Amino acid sequence: MSRVLVVGGTGLAGRAVTAEAVERGHEVVVAARRVPDDDADHYVNGAAYVTADLVTGSGLEEAVDGVDVIVDTSNATGKQAAHVFATGAQNLMHTAARFGVHRAVLLSIVGADRSAYGYYRAKAAQERAYLDSALDTRIVRATQFHDFVTAIFDRGRPLGALLAPTSTRFQPIAVGDVARVLVDAAEGDGEPGSVIHVGGPRVESARSLAEQWKQGSGSRRVILPVRLGGALGATWRAGRNLVPEHAVDGGLGYGAWIESRA
Ligand SMILES: NC(=O)c1ccc[n+]([C@@H]2O[C@H](COP(=O)([O-])OP(=O)(O)OC[C@H]3O[C@@H](n4cnc5c(N)ncnc54)[C@H](OP(=O)(O)O)[C@@H]3O)[C@@H](O)[C@H]2O)c1
């Protein structure tokens, strides 16, 4: 049993990691800027919660004190992304090294190293902060989560539509499957300094996935093909978000995930 700190453990992926690590018998501490009440939906029984901010550094020393391994599932969007991913990762790695933390595992995205999209560039800077640190680090690059792909379709809600990016394929993965790979890495899977890729069980077109969502959710909205502009659209159309050779073993597919929500 190890003492595991899940940074961003109140978020979507972080909650799954926290639950997985508690289930495996680890002593788990969650750090985020806001911690949930113990009756909140996203509170995981068996975990302890501390308040910490990656960017200002407040609370980080208390969070890392006595920790064996960190799993970082923090997230930020817009202008905050560069602060949280680059500055935050450096703050965390320096503090962790001072406190003798042995290992750190970072959740990143497939293609983060091969895209001009600002968010991905911030993730690449975050990865570098980990790999340059004094700790034994592993980067886990995952493909798009089922929830994220569904959120893209839902962007069409104001138009009464489901948006499906054209010439785009996804390999969506369940956050529970990502969590298992992260906790495996936290327990020592992979080489120090390695980048581990993991994707969902199948590569499918955005159109096909949108059709599955329409059918499974009973939505009456029409599927609206859209060409996604900018660097993110280009990254996806080039297939840099896919790792078919690293499909997760026995993973939950998109259709089964939709059914599990019903
Ligand atoms: N979405 C996808 O399809 C996908 C695919 C592959 C990889 N990823 C990666 O997965 C990671 C997690 O994504 P997610 O959607 O699970 O995130 P999320 O639900 O948005 O959760 C983000 C977490 O980070 C915490 N956080 C934000 N700013 C912080 C700060 N300054 N200091 C400390 N904690 C902070 C949040 O808590 P507070 O706000 O309370 O601080 C929350 O716990 C991201 O790095 C993303 O790049 C996502």
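Predicted model: local features only at pLDDT ≥ 70, side-chain atom pairs only at ≥ 80, totals over all residues.
A pocket is an open set of points on a 1 Å grid over the protein atoms alone, with protein on both sides within 12 Å along at least five of seven lines. Residues are numbered from 1 along each chain as its sequence is written, and side-chain values use heavy atoms, without hydrogens and water. Local features need pLDDT of at least 70 and side-chain atom pairs pLDDT 80 or more, whereas totals for chains, interfaces and linings use all residues.

The volume of the largest pocket is about 1,300 Å³, taken as the space filled by probe spheres set on the points, which are joined across faces, edges and corners. Its lining comprises 49 residues; N75, A76, T77, Y119 and F148 are the closest to the centre. Lining residues have an atom within 4 Å of a point. By class, 27 are nonpolar, 16 polar and six charged. Here Ala, Val, Leu, Ile, Met, Phe, Trp, Tyr, Cys and Pro count as nonpolar, Asp, Glu, Lys and Arg as charged, and the others, Gly among them, as polar. Elements supplying at least two lining residues each include β2 (27-32), α5 (146-154), β7 (161-165) and α8 (230-237).

Around the ligand itself stand 27 residues, of which T10, R34, S74, Y119 and K123 come nearest. A residue is near if one of its heavy atoms lies within 4 Å. This shell has 14 nonpolar, nine polar and four charged residues. β5 gives the most, with three residues. Elements are DSSP runs: helices (H or I) of at least four residues and strands (E) of at least two, numbered from the N terminus.

Polar contacts are pairs of N or O atoms within 3.5 Å. A polar side-chain atom of K123 lies 2.6 Å from a ligand oxygen atom. A polar backbone atom of F145 is 2.8 Å from an oxygen atom of the ligand. The protein covers 88% of the 920 Å² of accessible area that the ligand has on its own, by the Shrake-Rupley method with a 1.4 Å probe.

Key: Polar contact = N/O pair within 3.5 Å; in protein donor to acceptor, adjacent residues only side chain to side chain. 1 Å grid on protein atoms, 1.4 Å probe; cavity = no way out; pocket = protein on both sides within 12 Å on 5 of 7 lines; lining within 4 Å.
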